[in-house]
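These are my working notes, kept while going through the model one item at a time. I wrote each entry just after looking the item up.

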Amino acid sequence: MPVFYECQRCTACCRWPGQVRLGGAEITALAGFLGVREEEFIQRFTRLTADRRGLALLDKPGGECVFLHGENCAVQPAKPQQCRDFPNLWNFPGFEKICHARPVVLASAEYAKKIRAATGRPPSAAVNPPA
Ligand code: SF4
Ligand code: SF4
């Protein structure tokens, strides 16, 4: 039976080192949500990815995401797919040590429903489906 990880909103994943990559449609959605032009959004809130091939969200000086305001994501309704997909559609070995998501064993149909609700995508979109 598949395991769904229920986010507890601890915000650890908004604080650890790494990059949140942005696709063109995500930039459009985020700029629209914030009510700014895309050029302005790019200037104010993004940086080049490490491989210099794309854009990622800017970090604050302390390392947390530019959109982490206190304990909340300021762009929750329009947050990037990478954020929505973690930890169910992608994660990494040992992620449970820092992510407080609650593992829940579900029947396949309920699991698929939860995955769609959390990520907007089907379980088959997983890069590394949970065992
Ligand atoms: S966009 Fe929101 S969910 Fe994604 S890392 Fe930033 S604060 Fe966290
Ligand atoms: S996905 Fe995990 S690390 Fe991120 S906010 Fe939810 S419980 Fe915390």
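In which loop is Thr11 found? I located Thr11 in the loop between β1 (3-6) and β2 (21-22), where helices (H or I, at least four residues) and strands (E, at least two) are DSSP runs numbered from the N terminus.

**Conventions.** I am working with a predicted model, in which local features need pLDDT of at least 70 and side-chain atom pairs count only at pLDDT 80 or more, while totals for chains, interfaces and linings use all residues. Residues are numbered from 1 along each chain as its sequence is written, and chains are lettered from A and ligands numbered from 1 in the order in which they are written.

**Thr11, continued.** I noted that phi of Thr11 is near 70°, a positive value in a residue other than glycine. Thr11 counts as partly exposed because 16 C-beta neighbours lie inside 10 Å; by the rule I use, a residue is buried if 20 or more other C-beta atoms lie within 10 Å of its own, exposed if 12 or fewer, and partly exposed in between, with C-beta atoms placed from the backbone.

**Arg52.** I found another positive phi at Arg52, a residue other than glycine, with a value near 60°. Arg52 lies in the loop between β3 (46-48) and β4, and it is exposed, with 6 other C-beta atoms within 10 Å.

**Whole chain.** I counted four helices and seven strands in the protein, and from the N terminus on the elements run β-β-α-α-β-β-β-β-α-β-α. The C-alpha trace spans about 45 × 30 × 25 Å along its principal axes. For 131 residues a compact globule would have a radius of gyration near 14 Å, and the 15 Å of the protein agrees with that; the radius is taken over C-alpha atoms, and the globule rule is 2.2 Å times the number of residues to the power 0.38. Buried residues make up 18% of the 131 residues. Among contacts between residues at least 6 apart in sequence, 67% join residues at least 24 apart, two residues being in contact if their C-beta atoms, placed from the backbone, lie within 7 Å.

**Ligand 2.** Which residues surround ligand 2? I listed Cys7, Gln8, Arg9, Cys10, Thr11, Ala12, Cys13, Phe86, Pro87, Cys99, His100 and Ala101, a residue being near a molecule if its C-beta atom, placed from the backbone, lies within 6 Å of it. This shell divides into eight nonpolar, three polar and one charged residue, where Ala, Val, Leu, Ile, Met, Phe, Trp, Tyr, Cys and Pro count as nonpolar, Asp, Glu, Lys and Arg as charged, and the others, Gly among them, as polar. I also checked the backbone here and found that the peptide bond from Phe86 to Pro87 is cis, with omega near 0°; Pro87 has its place in the loop between α3 (81-85) and β7 (102-105).

**Ligand 1.** Around ligand 1 I found Cys14, Val20, Leu57, Cys65, Phe67, Leu68, Cys73, Val75, Lys79, Pro80 and Cys83, which divide into 10 nonpolar, no polar and one charged.

**Phe67.** Is Phe67 of this shell buried or exposed? Phe67 is buried, since 22 other C-beta atoms lie within 10 Å, and it is found in the loop between β4 (55-57) and β5 (68-69). Leaving aside its neighbours within four places in sequence, I found Phe67 in contact with Leu57, Cys73, Ala74 and Val75.

**Helices α1 and α2.** Helix α1 (residues 24-34) and helix α2 (residues 38-45) pack at an angle of about 95°, with their axes 9 Å apart; axes are lines fitted to C-alpha atoms, for helices over the stretch in contact, and angles run from 0 to 180 degrees between N-to-C directions. That makes α1 roughly perpendicular to α2, the label for 65 to 115 degrees. The contact is made by Ile27, Thr28, Leu30, Ala31 and Leu34 of α1 and by Glu38, Phe41 and Ile42 of α2.

**Lys114.** I placed Lys114 in helix α4 (residues 108-119). Lys114 and Glu6 are 108 residues apart in sequence and 9.0 Å apart in space, C-alpha to C-alpha. Lys114 counts as partly exposed, with 18 C-beta neighbours inside 10 Å, and, leaving aside its neighbours within four places in sequence, Lys114 is in contact with Phe4 and Leu106.

Note on methods
Parallel < 35°, antiparallel > 145°, perpendicular 65-115°, else oblique.
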